[in-house]
Amino acid sequence: MSTLKRKRGGKGSAEKKAKKAKFVENGNEQESKKEITVPAPVSAGKWKNKERVLIFSSRGINFRTRHLMQDLRTMMPHTKADTKMDRKDKLFVINEVCEIKNCNKCIFFEAKKKQDLYMWISNCPHGPSAKFLVQNIHTLAELKMTGNCLKGSRPLLSFDPQFDKEPHYALLKELFTQTFSTPQYHPKSQPFVDHVFTFSIADKRIWFRNYQIIEEDASLVEIGPRFVLNLIKIFQGSFGGPTLFENPDFVSPNMHRSEIRLATAAKLREKSMVKELQKVKRTEAKEVLVKDVTDMVFATPADENPMQIEMEPPIELKKKKHKLFQKRRSQQTN
């Protein structure tokens, strides 16, 4: 080992003073020997919109839901996380959790039967709130799209024109805008706009997509994640209260699965009945036909002769043969 070992707390051989950083706004100030100039921040504005979104879930979610939650937290820098909520707890407890976390919006994923996923989007603590059934989930790791964007950049929000035609869609548009839009001058956000969130309505469902905006020609390339929201109800309060809107076209997953089971059971029942009928036909005794119908197909009718009544008795053949023999014999002798 080297003999010149630096002692703890002592000064090293090469004494160097720490360089100070100095902010230069216009770049006109002269630089001193031991000073580093740092340019002024790009976003010099003040953070006014203090929107914070709490994203967490209940127990029993699968890996795809967990990855979707992580993707949403990555895309939205103004979010916070929390531990999973127990199934036995009431949903009103979420308002207290949001108050503790200092959040005024909440996205809560509720898992049921380890196969159905529901999403709550709420304005805490006064409402309104909306409940959706989440379908066709595809995460960032699963899609492997070519698009990419800067982490923490602020997105554009694009809505379908149908959101302005119906009142419940207009309410959802405002709720989505306040939840998914990153506040301006947020400390964790970047002052760039390079991707867009699209909310389109098709088949009476809301389709979520995330696209990158390419600078050269302003074309769109999908990044991910993607999912479909099937609206169930809109409540006046946060996670409850009077119902403002109920979707009449919504079919619960339990009903859908029961209809599929009934359809398959009906098919199996029909197949079993066909098999039973075939067995009965095979076991039945075959009827023996007394008279064949096809016997007279090639028969042709004969001509009817008139009936003749014989008045004399028929000639006996033996006597006639004997007379003929006698005549021949007499002729030969003569």
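Hi everyone, let's start with the pockets: strand 7 gives the most to the lining of the largest pocket, with four residues. This is a predicted model, where local features need pLDDT of at least 70 and side-chain atom pairs count only at pLDDT 80 or more, while totals for chains, interfaces and linings use all residues. Residues are numbered from 1 along each chain as its sequence is written, and side-chain values use heavy atoms, with hydrogens and water left out.

That largest pocket holds about 540 Å³ of space. Here a pocket is an open set of points on a 1 Å grid where a 1.4 Å probe fits, with protein on both sides within 12 Å along at least five of seven lines, and lining residues have an atom within 4 Å of a point. Of its 26 lining residues, Asp116, Leu133, Val134, Gln135 and Pro253 are the closest to the centre. By class, the lining has nine nonpolar, nine polar and eight charged residues.

Now to helix 2, residues 93-100. Helices are DSSP runs of H or I with at least four residues, and strands are runs of E with at least two. Which residues of helix 2 are buried? They are Ile94, Asn95, Val97 and Cys98. Buried means under 20% relative accessible area and exposed over 50%, with a 1.4 Å probe and protein chains only.

Finally, Asn102 follows helix 2, and its phi is positive, near 60°.

Definitions and conventions. Points joined across faces, edges and corners; volume = space filled by probe spheres on them. Nonpolar A, V, L, I, M, F, W, Y, C, P; charged D, E, K, R; others polar.
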